[in-house]
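Student: Can we go through this one together? I'd like to know how the pieces pack.

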Amino acid sequence: MDQPNKPAASESKQDPARNAKRRRGPRRPRFEMRVNTKHAPRKPADGQPLSCTTETTLKPEQMLELYRYLKLTRQVEERLVNLYRQTKVVGGVFRSLGQEATAVGSAYALEARDFVTPLIRDLGAVLVKGIRPREVFAQYMARAWGPSGGRDLNIHFGDMEKGFIGPISHLGDMIPVMAGVLLAARMQKKRPIGIAYIGDGGMSTGAFHEGLNFAAVQKLPLLVIAEYNHYAYSTPTSLQTAVRDLAEKAAGYNIPASIVDGNDIIACYEATRHAADYARRGGGPVLIEAKTYRRRGHAEHDDQRYVPAGEIEWWEKHNDPIDRYERYLLQQNIATKEKLAEITADVMREIEEDCSWAESSPMPEAEQAAFGVFDNSVVAPALRPEVLKN
Ligand SMILES: Cc1ncc(C[n+]2csc(CCOP(=O)(O)OP(=O)(O)O)c2C)c(N)n1
Ligand SMILES: [Mg+2]
């Protein structure tokens with residue numbers, strides 16, 4: 001990872017005038033020099049279908065665990081769509097179809113003591129952090145046994161013990177929140193790092209800028225995973241921001257950045273691990289841009305009529321993160337087809353069991369709505385007499 005403000009190794013200590021001249025005329029703009037493209041998307045030279053990067057520190061059992069999380073993410077979302085169509089979900093279903101590798105691969109690079117704050121398309125990171133599918137199902141159906149007891153929806157819940165900082169809807173705001181979490185940890189002499197996920201649209205908010213600026217000045221160990229998935233609602237990224245690569249924005253904060261193929265799970269893991277090492281050593285924040293594609297609409301109600309014909313089908317056929325990873329695992333002799341089928345069957349069994357559990361949960365009691373929201377002694381006036389009776 002590039003070191004900010006470090007003089008080039010070739011600079012002569014003896015000749016300040018020559019050095020000054022060199023500094024005046026850099027050949028390329030500084031920000032380009034700072035973006036690491038080692039794991040950026042590449043076309044395979046031999047014209048073969050896309051696979052994953054082979055340079056990795058992952059052990060075979062970890063690679064199979066990654067496969068399990070990938071499949072779990074996709075299948076939990078598939079089940080959520082079924083529940084939505086049965087009108088059992090309260091609110092929308094927001095899918096990460098086609099971009100699951102970004103959340104799973106990056107979160108897998110963290111340690112148990114580290115934090116994540118995901119967005120709606122980062123269910124994979126939530127599952128890697130140890131949240132069970134049953135909690136996700138119960139939450140989406142607003143059931144009493146769900147983690148927010150029916151008070152909030154989709155992945156709007158958190159689990160501090162597991163290092164999962166629950167997101168709010170307001171895009172960009174979790175960047176300053178995670179900066180605050182990491183600053184608080186530093187003041188307590190603890191040393192976790194944190195990932196905050198953000199979309200191409202969310203990066204256009206003021207909160208994103210304020211949060212990352214503060215984290216950079218404070219050198220907080222914050223990894224920002226910027227998901228370039230081509231759309232924010234119906235707005236294509238080219239109408240959202242003037243930069244070609246979101247990673248270029250790192251120059252404004254004097255922090256290193258990298259571009260990673262967001263559909264290559266090994267690349268996502270390796271780029272994040274590398275950035276995590278840098279942040280843990282005290283380097284400060286890193287911006288990682290993951291190039292991926294949102295194959296479903298903003299939510300299940302969105303018919304994607306604004307997407308050019310053939311675009312979704314191209315990504316589905318040529319650049320699906322699970323197809324790529326399966327190809328990789330088979331090519332590298334890490335798993336057989338039978339082993340992958342066994343893992344998938346186990347994932348399906350877990351989903352069946354957890355979905356039944358969530359469906360057997362009652363809906364919350366209306367009288368409980370005000371509990372666990374505010375201090376229970378200061379409940380909303382309208383509910384106060386009811387609550388005081390209990
Ligand atoms: C500050 C703010 N403005 C607008 C919205 C409404 N909104 C919710 S999701 C979304 C699009 C987000 O796009 P992007 O950041 O690219 O993430 P993606 O949905 O592609 O994962 C918008 C505009 C919001 N939640 N917060
Ligand atoms: Mg987007």
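Tutor: One term is needed before we start: two residues are in contact if their C-beta atoms, placed from the backbone, lie within 7 Å. Bear in mind too that this is a predicted model.

Student: Fine. How many helices and strands are in the protein chain?

Tutor: The protein chain has 13 helices and eight strands. Of its 390 residues, 44% are buried.

Student: And the contacts, what share join residues at least 24 apart?

Tutor: Taking contacts between residues at least 6 apart in sequence, 77% join residues at least 24 apart.

Student: Let's pick a helix. Which residues of H6 are buried?

Tutor: Helix H6 covers residues 133-140, and eight of its eight residues are buried. They are Pro-133, Arg-134, Glu-135, Val-136, Phe-137, Ala-138, Gln-139 and Tyr-140.

Student: What do the buried residues of H6 pack against?

Tutor: They pack against three helices: H3 (60-85), H5 (123-128) and H12 (337-359).

Student: What follows H6?

Tutor: Ala-142 comes after H6, and the phi of Ala-142 is positive, near 55°.

Student: I was also looking at Val-89. Where is Val-89?

Tutor: Val-89 sits in the loop between H3 and helix H4 (100-107).

Student: Is Val-89 buried or exposed?

Tutor: Val-89 is buried, because 21 other C-beta atoms lie within 10 Å, and the cut-off for buried is 20 or more.

Student: Which residues is Val-89 in contact with, leaving aside neighbours within four places in sequence?

Tutor: Val-89 is in contact with Leu-80, Leu-83, Tyr-84, Tyr-140 and Met-141. Tyr-140 is one of the buried residues of H6. As for Met-141, its C-alpha atom and that of Val-89 are separated by 4.4 Å, although the two residues are 52 apart along the chain.

Student: Back to positive phi. What about Tyr-233?

Tutor: Tyr-233 has a phi near 50°, a positive value in a residue other than glycine. Tyr-233 is in the loop between strands E5 (231-232) and E6 (235-236).

Student: Why does Tyr-233 count as exposed?

Tutor: Tyr-233 counts as exposed because it has 12 C-beta neighbours inside 10 Å, and exposed means 12 or fewer.

Student: And Gln-304, what is its phi near?

Tutor: The phi of Gln-304 is near 60°, again positive in a residue other than glycine. Gln-304 lies in the loop between strand E8 (286-291) and helix H10 (311-318). With 14 other C-beta atoms within 10 Å, Gln-304 is partly exposed.

Student: You mentioned E8. How many of the residues of E8 are buried?

Tutor: Six of the six, so E8 is largely enclosed by the rest of the structure. Val-286, Ile-288 and Ala-290 point one way from E8, while Leu-287, Glu-289 and Lys-291 point the other way.

Student: Which strands pair with E8 in the parallel sense?

Tutor: Strand E4 (residues 222-228) pairs with E8 in the parallel sense over six bridges. In that pairing Val-224 has Leu-287 of E8 as its bridge partner. Strand E7 (residues 257-261) also pairs with E8 in the parallel sense, over five bridges. There, Ser-258 has Ile-288 of E8 as its bridge partner.

Student: What unit do E7 and E8 make with helix H9?

Tutor: E7, helix H9 (residues 265-280) and E8 make a right-handed β-α-β unit.

Student: What else is E7 joined to?

Tutor: Two bridges join E7 to strand E1 (residues 35-36), and these strands run parallel. Val-35 stands opposite Ala-257 of E7.

Student: How many residues of E7 are buried, and which way do they point?

Tutor: Five of the five residues of E7 are buried. Ala-257, Ile-259 and Asp-261 point one way, with Ser-258 and Val-260 pointing the other way.

Student: Last topic. At what angle do H7 and H8 pack?

Tutor: Helix H7 (residues 174-187) and helix H8 (residues 206-218) pack at about 25°, and their axes are 7 Å apart. That makes H7 roughly parallel to H8. H7 passes H8 in a left-handed crossing.

Student: Which residues make that contact?

Tutor: On the H7 side, Ile-175, Pro-176, Ala-179 and Leu-183. The residues of H8 include Ala-207, Phe-208, Gly-211 and Phe-214.

Notes: Residues are numbered from 1 along each chain as its sequence is written. Chains are lettered from A and ligands numbered from 1 in the order in which they are written. This is a predicted model: local features need pLDDT of at least 70, side-chain atom pairs count only at pLDDT 80 or more; totals for chains, interfaces and linings use all residues. Helices (H or I, at least four residues) and strands (E, at least two) are DSSP runs, numbered from the N terminus. Two strands pair if DSSP finds at least two bridges between them. A crossover is right-handed if, with the strands pointing away from the viewer, the path from the first strand over the helix to the second runs clockwise. Axes are lines fitted to C-alpha atoms, for helices over the stretch in contact, and angles run from 0 to 180 degrees between N-to-C directions. Angles under 35 degrees count as roughly parallel, over 145 as roughly antiparallel, 65 to 115 as roughly perpendicular and the rest as oblique. A crossing is left-handed if the near helix is turned anticlockwise from the far one by less than a right angle, and right-handed if clockwise.
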